[in-house]
Amino acid sequence: MRYSFNTFNHSTYYGLPPSLPRQIAAAAAAGYDHIGLDLLSVLAHEREGLPVSELAAHLGRHDLPCHELVSLSISADKARTLRSLEHVLRVARVLRPEQVLCVVTGEIDDAVVANTARCAGSLAEEGVGLSVEFLPTRHVDSIPEALRLWERVAHPNLRLVVESWHFFRGPSTWADLVALPLDRIGFVQFADAPAPVTDDTHHESMHRRVLPGRGVLDLDRFCATLAAKGYDDVVSVELLADDWRTADLHTFTEATLAATRTAWETAAHST
């Protein structure tokens with residue numbers, strides 16, 4: 001298993017200053033194999049005078065390859081989708097991620113299918129995979145819906161992000177996860193969650209995640225189910241939490257990697 005540190009918890013999305021060089025250093029020091037960079041912070045650094053090429057140099061100095069770039073926004077709006085794709089392609093040509101995570105807005109109609117296929121093809125030309133994330137707050141809210149998009153797009157460069165939080169908090173079932181073919185999985189995202197204190201799913205997802213093993217999600221079964229089908233690729237740790245957002249970065253990267261590695265090594269030994 002390879003582990004990737006997802007930087008979105010400290011993204012400029014939350015009104016924070018961009019901090020990718022410090023996050024790269026902390027993730028490398030903790031022992032992560034990869035890092036997942038959020039596009040919003042990359043572009044914010046660029047506006048402040050730090051070019052993408054210098055971020056690539058930071059990755060090189062720390063021997064920490066970029067696994068995923070987050071995120072590409074796809075919708076029925078062709079012009080808007082192409083603008084998002086343009087930013088992603090420009091950055092991806094420098095940072096060389098293995099995967100781009102995409103989020104689809106709107107129902108799976110002909111326009112969404114065409115725009116997704118266009119993005120998958122353009123990224124394939126750059127040697128970069130495209131993985132769609134299902135979210136309980138979107139129309140593509142589950143494994144079956146993501147597979148329905150995959151079937152309609154029918155492009156070999158498109159796969160799925162299997163995200164633990166979204167799996168447990170959305171309509172996906174264990175049967176869906178068991179039946180999901182291994183070759184449809186682009187990569188896995190991982191975090192735990194406490195019992196919800198509100199019915200605002202978006203807020204719970206973006207602000208209240210916890211370390212693996214510290215919440216109520218059945219991560220043992222989640223990991224074991226994926227391990228049993230032979231998954232042994234990248235696990236991206238995406239812990240989005242207000243309390244960790246203000247914590248020391250080195251403490252954060254060390255704690256997330258240790259908890260995640262324990263969960264997956266336990267699953268591997270049990271299969």
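**Aromatic close-ups**

**View 1. Phe167, Phe168, Trp174, Phe190, Phe222 and Trp264 come together as one aromatic cluster.** This is a predicted model, where local features need pLDDT of at least 70 and side-chain atom pairs count only at pLDDT 80 or more, while totals for chains, interfaces and linings use all residues. Residues are numbered from 1 along each chain as its sequence is written, and side-chain values use heavy atoms, with hydrogens and water left out.

**View 2. Phe8 meets Tyr14.** Rings of Phe, Tyr and Trp (its six-membered ring) pair if their centres lie within 6.5 Å; planes under 30 degrees apart are stacked, over 60 edge-to-face and the rest tilted. That rule gives 13 aromatic pairs. For Phe8 and Tyr14, the centres are 6.1 Å apart and the planes sit at 70°, so this pair is edge-to-face. Both Phe8 and Tyr14 are buried (under 20% relative accessible area, with exposed over 50% and partly exposed in between; 1.4 Å probe, protein chains only).

**View 3. Phe190 and Phe222 make a stacked pair.** Their rings are 6.2 Å centre to centre, with 25° between the planes. Phe190 belongs to strand β7 (residues 185–190) and Phe222 to helix α10 (residues 219–228), so the pair ties together parts 32 residues apart in sequence. Helices (H or I, at least four residues) and strands (E, at least two) are DSSP runs, numbered from the N terminus. Both Phe190 and Phe222 are buried.

**View 4. Arg245 puts its charged end over the ring of Tyr14, 3.5 Å from the centre.** Such a charge has NZ of Lys or CZ of Arg within 6 Å of the ring centre and within 35 degrees of the ring normal. Arg169 lies over the face of Trp165, at 5.8 Å from the ring centre.
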